Amino acid sequence: MTGLTLALSKGRILDESLPLLEHVGIAPAGDIDRLLRVPSTRADVSLVMIRPADVPTYVEHGAADLGIVGKDVLMEHGGSDLYEPLDIGIAQCRMSVAAVKGYVAPRNRRLRIATKYPEIARRFYAARGEQVEIIKLYGSMELAPLVGLADQIVDLVATGNTLRANGLVEVEKICDISSRLVVNKASMKMKHAAIQHLIDAFRDADAKRVRAS
Amino acid sequence: MAIKRWMLPDGMEEALPPVSWQLEDLRRKLLDHYRAARYELIFPPMIEHLDALLTGAGSDLEQQIFKFTDPASGRLLGLRADMTPQAARIAARRYADQDSVRLCYLGTVLRTSPDSQGGPRSPRQVGCELFGEPGIEADLEILRLMLDTIQLAGVANVHLDLGHVGIYRALASKLALDEDEQATLFDILQRKSHPDLAEFAASSQRLNGLAPTFSALIDLNGDVSVLERARHALVGADDGLADALATLQKAASALQAQFPTVPVHVDLAELRGLQYHTGLVFAAFVPGHGREIARGGRYDGVGHEFGRPRAATGFSADMNELIRLGA
């Protein structure tokens with residue numbers, strides 16, 4: 001009961017998490033490509049590998065004590081049922097609005113927005129008083145404006161290469177995105193010393209990374 | 001079609017043997033215990049006028065109430081989502097002539113959305129409220145009853161979390177924040193988000209140089225030594241802050257003396273129920289369960305809303321959950 005479970009987001013965030021975890025003295029002790037749950041080189045920490053969008057749910061319910069997850073997922077998930085004490089600076093990108101190059105907004109109807117992030121898109125357009133239709137998609141956002149499914153897309157942009165390759169341009173940045181350390185509220189209260197220790201270690205590792213770059 | 005007909009709506013709970021008997025046994029034990037502590041039992045109605053249910057309760061509760069119109073009067077009615085405001089109404093109207101009132105209650109409340117994804121929308125709420133006693137002894141009496149309740153349900157390894165909303169209020173009162181900014185700051189503190197606090201401080205000049213103080217507040221959680229750290233970290237604080245820290249210190253010392261085996265955690269940025277709480281707030285946790293299992297605190301402002309200003313403190317818990325955890 002005293003051990004800690006750390007949830008890691010599969011994919012790009014995992015690739016960038018591992019070097020940071022090493023600085024904290026944690027390395028997976030098992031085949032993380034196949035296994036969903038592996039012990040780590042620290043006896044008191046075990047790791048679970050899950051889809052990024054599921055990390056907040058696991059941590060909120062206490063199925064994991066801590067997690068590493070993108071700010072995009074946290075913003076879309078919403079609510080204040082998690083602590084997010086630290087930005088660990090990895091998997092940096094931005095949430096942006098993009099459209100076909102030379103695009104002009106239609107005047108006679110509502111904008112159609114394709115996105116994997118309906119909540120973020122809704123909040124963004126609502127904040128500027130714009131009523132829009134949101135179309136939830138699960139991938140290949142860039143296609144939607146090309147085939148007339150949507151006027152604009154709201155999506156993560158890292159380099160902008162995919163956008164450019166498909167003839168789209170970034171119209172506006174909504175916010176910067178990077179990964180955060182999140183903590184279950186009950187764990188923070190009941191395993192405080194162990195968790196605070198880990199947060200401090202991540203903070204040091206992040207500071208070192210920033211100095212090195 | 002046949003399957004659909006027998007399914008219960010999401011989050012609606014029913015109790016069947018043996019759990020129903022366990023609930024009944026616990027109900028008897030709890031009410032006997034409260035009665036021995038001289039708490040009066042009340043059975044508030046399932047339905048009240050919406051404005052009465054919302055009095056002094058804050059907008060969080062409004063979204064939680066199932067609402068409909070009374071065909072007889074045309075007024076908006078609500079199904080109770082929390083019995084605390086009902087107890088406050090009864091204390092203010094029926095017991096207005098008494099200096100202090102002790103009430104206990106037990107019954108199902110209904111909520112439009114569960115506290116956690118997939119959770120119950122029909123908790124069996126049990127609780128005690130103590131009106132008219134402003135001192136720390138009243139808070140401790142309620143804390144004791146909360147711990148007794150958990151223990152009688154057979155739930156072991158309880159951890160206590162203590163906070164005091166007066167600390168945040170004392171700091172926030174030094175800032176001229178509009179409603180949106182207050183909501184943003186509140187949300188940031190609830191998530192203990194250092195990165196979002198830094199961003200907020202950069203985008204708005206309203207934090208006036210108090211950004212480092214709020215940043216310190218986020219980290220002021222841990223064992224009781226937090227209170228000592230707070231005295232140094234929250235400099236420039238006024239009397240409200242010193243009072244709050246003194247109250248927390250007294251509560252923590254008393255708890256350690258009376259419940260030496262219960263670990264006490266202090267979290268000065270814990271703002272649960274900020275909308276109506278005014279002083280000491282607390283919650284109980286158990287290992288392996290990601291959320292609090294019982295909660296309470298001081299809410300001295302509510303009596304005023306019902307026309308009888310009076311100190312108040314209380315706790316509540318979900319009996320269904322206690323039974324699940326105690327089994």
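Q: What makes a residue of chain B count as buried, and what share of the 327 residues is that?
A: The test is relative accessible area: under 20% is buried, over 50% is exposed, and partly exposed lies in between (1.4 Å probe, protein chains only). By that test, buried residues make up 53% of the 327 residues in chain B. This is a predicted model, in which local features need pLDDT of at least 70 and side-chain atom pairs count only at pLDDT 80 or more, while totals for chains, interfaces and linings use all residues. Residues are numbered from 1 along each chain as its sequence is written, chains are lettered from A and ligands numbered from 1 in the order in which they are written, and side-chain values use heavy atoms, with hydrogens and water left out.

Q: How do you know whether chain B agrees with a compact globule?
A: Set its radius of gyration, taken over C-alpha atoms, against the globule rule of 2.2 Å times the number of residues to the power 0.38. For 327 residues a compact globule would come near 20 Å, and chain B has 20 Å, so the two agree. Along the principal axes, the C-alpha atoms of chain B fill a box of roughly 60 × 50 × 45 Å.

Q: What share of the chain B contacts with a separation of 6 or more joins residues 24 or more positions apart?
A: With contact meaning heavy atoms within 4.5 Å, such residues account for 70% of them.

Q: How far apart are the mean positions of the positive and negative charges of chain B?
A: Lys and Arg count as positive, Asp and Glu as negative, and His and the chain ends are not counted; each charge is placed at NZ of Lys, CZ of Arg, CG of Asp or CD of Glu. The 33 positive and 43 negative charges of chain B then have mean positions 6 Å apart.

Q: What makes strands S1 and S8 of chain B edge strands?
A: Strands are DSSP runs (E, at least two residues; helices are H or I, at least four), numbered from the N terminus, and two of them pair if DSSP finds at least two bridges between them. The open sheet of 9 strands in chain B has mixed pairing and the order S1-S5-S6-S12-S11-S10-S7-S9-S8. Strand S1 (40-41) and strand S8 (221-222) each pair on one side only.

Q: How do you know that S7 and S9 of chain B pair?
A: 3 bridges join strand S7 (residues 159-164) to strand S9 (residues 264-267), which run parallel; at least two are needed. B:Leu162 stands opposite B:Val266 in S9(B).
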